[in-house]
Amino acid sequence: MVHLVGSLRKELADCLSTSKVLVVGAGGIGCELLKNLVLTGFKNIEVIDLDTIDVSNLNRQFLFQKKHVGKSKAQVAKESALQFCPSANITAYHDSIMNPDYNVEFFRKFVLVMNALDNRAARNHVNRMCLAADIPLIESGTAGYLGQVTVIKKGMTECYECQPKPTQKTFPGCTIRNTPSEPIHCIVWAKYLFNQLFGEEDADQEVSPDTADPEAAWNPEETAARATASEKDGDIKRISTKEWARSTGYDPIKLFNKLFKDDIMYLLTMDKLWKKRKAPIPLDWQQLENKQEQHETPGLGLKDQQVLGVWGYCKLFQQSVETLRSQLQEKGEGAELVWDKDDPPAMDFVTSAANLRMHIFSMNMKSRFDVKSMAGNIIPAIATTNAVIAGLIVLEGLKILSGELESCRTVSSAKIKTEGSPLYSTRCLTLTNCQCSLVETGLCRLLQANLC
């Protein structure tokens, strides 16, 4: 007769209560996972996370409340999880898993490691540590409605680095500066502009028209006279963007006319660029102000999901420049600002600048929500996806602790093509053998030299 403790066999329940496990990450997946572990019967848990709690986390990381903003995710997650099971023994580390203190010997303390990370560097590191320590690792991740869980065990399965991962897409500088054709081009340009005006200048992030564009093949001397940019409101001479902005006292109207009128008129002199493209249309502050949309109908829905009119983005640009200018002055001479998607003035600046450029290049403007998603390289997190993936992690963990590694699977949620709205379902794949050089002797030498 099988003895049960809850829904588990007594032998497995006893194993859970004595097995020490490590959770790496206490964010979207980590919160769900920690709650699942203590409710399933795990008693000895260590959790590590470098991050602190932000207001934007509260819509899906339910172990946190508004009063916890600014505090350690790992520590608050521990305290909240203990309310589900006060008898659990949870140790929290507010630290980076890549800290040398967490070496191979540290990993060998555990019977199982579960990743709830959001960056590739940390995933690679934990993958290598678990291979060196010969400890099973459950890797996971989500992207919107999509998610995946897979088990990694040295000598039995693929490791995290067996398959190449896609690199982040980059865009040619001449496309960003001269011929944007997609909203993301304008958003990247606006982020570059923020750094050029208020942050750390980078020559690779110049935003002025690119006179070296090979597609243009024009003669600047012959066409300079056709550029009718105003010397008063903006200078088209190729000088440092920050230097020019400082010389104007960060006057938002002068900045506007240089960026959205003078520079665009300068681009129009590059005739060859516009033979097969729709030419950009310059904006003029004074003209827009004279015919401003005073009776604009407020957009429907949440504020962040509304798309303003052109004049609305003009005013938002003006307000954000004035706020950022004040922040820069408060920091003192030589200070710099760092762009942060969660900083309202910085986000207002990028949203307004990107949308004004979209309008100039005849693209549909985007809401602040959409701009933030693209500017922060964020795929909106879905709380239910995190919950599904966290549940699957625990199920795979139970198989491992039951000694049934051969029955473990890679489980993913996939989009199903339909004629109507897309549907999502989970699918299981048999784990494949590792063909990565990391599990060969070279890994051991690498770890002994650098990581142990």
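**Before the close-ups.** Buried here means under 20% relative accessible area, exposed means over 50%, and partly exposed is anything in between, using a 1.4 Å probe and protein chains only. The model is a predicted one, so local features need pLDDT of at least 70 and side-chain atom pairs count only at pLDDT 80 or more, while totals for chains, interfaces and linings use all residues. Residues are numbered from 1 along each chain as its sequence is written, and side-chain values use heavy atoms, with hydrogens and water left out.

**View 1. The chain as a whole.** The protein chain has 16 helices and ten strands; these are DSSP runs numbered from the N terminus, with helices being H or I of at least four residues and strands E of at least two. Of its 452 residues, 48% count as buried. The chain exposes about 22,800 Å², and carbon and sulfur atoms supply 50% of that (Shrake-Rupley method, 1.4 Å probe; for residues, only the protein chains shown count as cover). Take the contacts between residues at least 6 apart in sequence: 66% of them join residues at least 24 apart. Contact means heavy atoms within 4.5 Å.

**View 2. Helix 2 against helix 3.** Two packed helices are described by the angle between their axes and the distance between the axes. Here helix 2 and helix 3 (residues 73-84) pack at about 30°, with axes 9 Å apart. Axes are lines fitted to C-alpha atoms, for helices over the stretch in contact, and angles run from 0 to 180 degrees between N-to-C directions. The crossing of helix 2 past helix 3 is right-handed, meaning the near helix is turned clockwise from the far one; left-handed would be anticlockwise by less than a right angle. On the helix 2 side you'll find L34, K35, V38 and L39, meeting A77, K78, A81 and F84 of helix 3.

**View 3. A greasy patch on the outside.** L39, F62 and F84 make up a nonpolar surface patch with about 290 Å² of accessible area together. Patches are made of residues with over 30% relative accessible area and no salt bridge; like charges are joined within 9 Å, nonpolar side chains (Val, Leu, Ile, Met, Phe, Trp, Tyr) within 5 Å. L39 sits in helix 2 (residues 28-40) and is exposed, at 52% relative accessible area.

View 4. The structure holds 16 salt bridges, each a side-chain nitrogen of Lys or Arg within 4 Å of a carboxyl oxygen of Asp or Glu. In this one, the side chains of E46 and K109 come together at 3.6 Å, N to O. E46 is in strand 4 (residues 44-48) and K109 is in the loop between helix 4 (104-107) and strand 6 (112-115), so the pair ties together parts 63 residues apart in sequence. E46 is buried at 6% relative accessibility, whereas K109 is partly exposed at 38%. K20 joins in too: K20, E46 and K109 are linked in a network of salt bridges.

**View 5. D51 with K73.** This salt bridge has its closest N and O atoms 3.4 Å apart. It links D51, in the loop between strand 4 and helix 3, with K73 in helix 3, 22 residues apart. D51 is partly exposed, with a relative accessible area of 39%, but K73 is buried at 5%.

**View 6. Around D134 and K153.** The side chains of K153 and D134 form a salt bridge at 2.8 Å, N to O. K153 lies in the loop between strand 8 (146-152) and helix 6 (173-177), and D134 in the loop between helix 5 (120-133) and strand 7 (137-143), so the pair ties together parts 19 residues apart in sequence. K153 is buried, with a relative accessible area of 13%. Most residues other than glycine have a negative phi. D134 has a positive one, near 55°.

**View 7. S352 in helix 13.** S352 is found in helix 13 (residues 344-360) and is buried, with a relative accessible area of 0%. Setting aside neighbours within four places in sequence, S352 is in contact with Y313, L316, F317 and S320.
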